[in-house]
Amino acid sequence: MSVTLSAGVRQNLLSLQKTADMMSQTQNRLATGKKVNSALDNPTNFFTSQNLNSRANELSSLLDGISNATKTLEAADNGIKGITKLVESAQSTARQALQAGGAGSGTVVESSSSISTNGLTPSSGETIQDQAKRQTLSNLGFTNGDTITVQTTDTTTGAVSEIAITVGTTQKADGTGAVATVQDAVDVINASGVATAEVTDAGKLKISGSDTETVNLQIGDNDGDADTATTQATSLASSLGFGSNSSVDLSSPADGDYNDAGETEVTFTNGASAGAADTFSITTTANPASNSSSRQKLVSQFNEIMGQIDKLAADSSYNGVNLIDSSSSKLTVAFNEKRDAANKSELSISGKDLTSSGMGLGSVSSLSDAEANATLDKLSDALSTLRETSSTFGSNLNTVTIRKDFTKDLINTLQTGADNLVLADTNEEGANLLALQTRQSLSTTALSLSSQADQAVLRLL
């Protein structure tokens, strides 16, 4: 069964249905906040918005990696600052070693008594030093063939140097005759370069080497006897101020060890047969500055600093990435969503080995003057390396920060553009709904009036 509607009723009914559809659409827009909810609404805007949102989401996922890179660089920078302070502390330690001095004042063999009074008639107004200088070797008991030998051994290089003066044979430094006085012997020793000899103000004989040299003074007689007693050689040594009345310790050290740095060993060798010379020997062991207790403490302190540098470098990591403990470490930061070589945008940051060994540093053994100076040069180079690395990482951090801010702004732009294509204007849609409600009310009234017109016809029957 079908119902026939009049043209007026049908027209008003269709108008009411269209109004209802429009109200439904407006209500949907208000409910979702979007004017384009599917490709059916607006294919171009829908898919364009989807693409923009998709890229924004991909860039958002990259922000985490960029943030991690920022923190990794900050951790490396903090490590560099800490290592710089440790290197500066090591510099201070090395400089203290140079200033410590300690035992490094040279190796000295010096008599304890003056050599000016043995058989010498003093001149009026003559000083004890001048008397000692002109003292003759014959007055001191030396005869032709007796020897005075000075030998030095460099404990660093192993080099041995020696000058032997044979009384009656060895010529003066100026070549004007055989050595005859103490000053002649001093001049010959100095001219040889083996050691430094002098007669002090107190008239004592002093022979000096560097703080790394062992100095040996030997006095040999040529009497050719076979005495078993320590006679002629010890007598000659005593005449030069060395002997029982000397500051030289003729007894063994308390520990029985003559090898300790700075200790003096005195020995006598009896020829024990006719024609063999007796020899009196005085040896002062090298006593470098590095053997002083203060320098040894500084050595331990320095090596501890080197260990702390390595530990600090190892601790300067973030999220498993450390840019300063190995030159093989690497950090790659992606800035866009492209992965193909032609279009990808990224920054590769190579690590730097800032451990003690990586900077050419290392533990020290003595912090002698030579080692301390060499170490200071290395520390200076290490500071230059730290400054250069800090500058490089600082530039990288600045780049990453700029790209981070740019990415955030770009994400906002993409999301705003996507929203502009699909979001509804709630004010406009609210006004539309109000207008549609009014239209619906009017359409309902019109439909009612059309129906009443049809009913009027029925009343005529």
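This short talk walks through strand 5 and the cavity beside it in a predicted model.

Okay, let's start with strand 5, residues 205-209. Four of its five residues are buried, so the strand is largely enclosed by the rest of the structure. Buried here means under 20% relative accessible area.

So who are its neighbours? Strand 1, residues 107-110, pairs with strand 5 in the antiparallel sense, over four bridges. If you want to find that pairing on screen, look for Thr-107, whose bridge partner in strand 5 is Gly-209.

Then there's strand 4, residues 196-199, which also runs antiparallel to strand 5 and is joined to it by four bridges. Here you can pick out Val-199, standing opposite Leu-205. Strand 4 and strand 5 form a hairpin with five residues between the strands, and in that hairpin Gly-203 takes a positive phi near 80°.

Now, keep Leu-205 in mind, as we move to the cavity. The count comes to one cavity of 30 Å³ or more, and the largest cavity has a volume of about 70 Å³.

What lines it? From strand 5 we've got Leu-205 and Ile-207 among the lining residues.

Notes
Residues numbered from 1 in each chain as written. Predicted model: local features only at pLDDT ≥ 70, side-chain atom pairs only at ≥ 80, totals over all residues. Heavy atoms only, no water. Buried < 20%, exposed > 50% of the residue type's maximum accessible area, 1.4 Å probe, protein only. Helix = DSSP H or I, 4+ residues; strand = E, 2+ residues; numbered from the N terminus. Pairing = 2+ DSSP bridges. 1 Å grid on protein atoms, 1.4 Å probe; cavity = no way out; pocket = protein on both sides within 12 Å on 5 of 7 lines; lining within 4 Å. Points joined across faces, edges and corners; volume = space filled by probe spheres on them.
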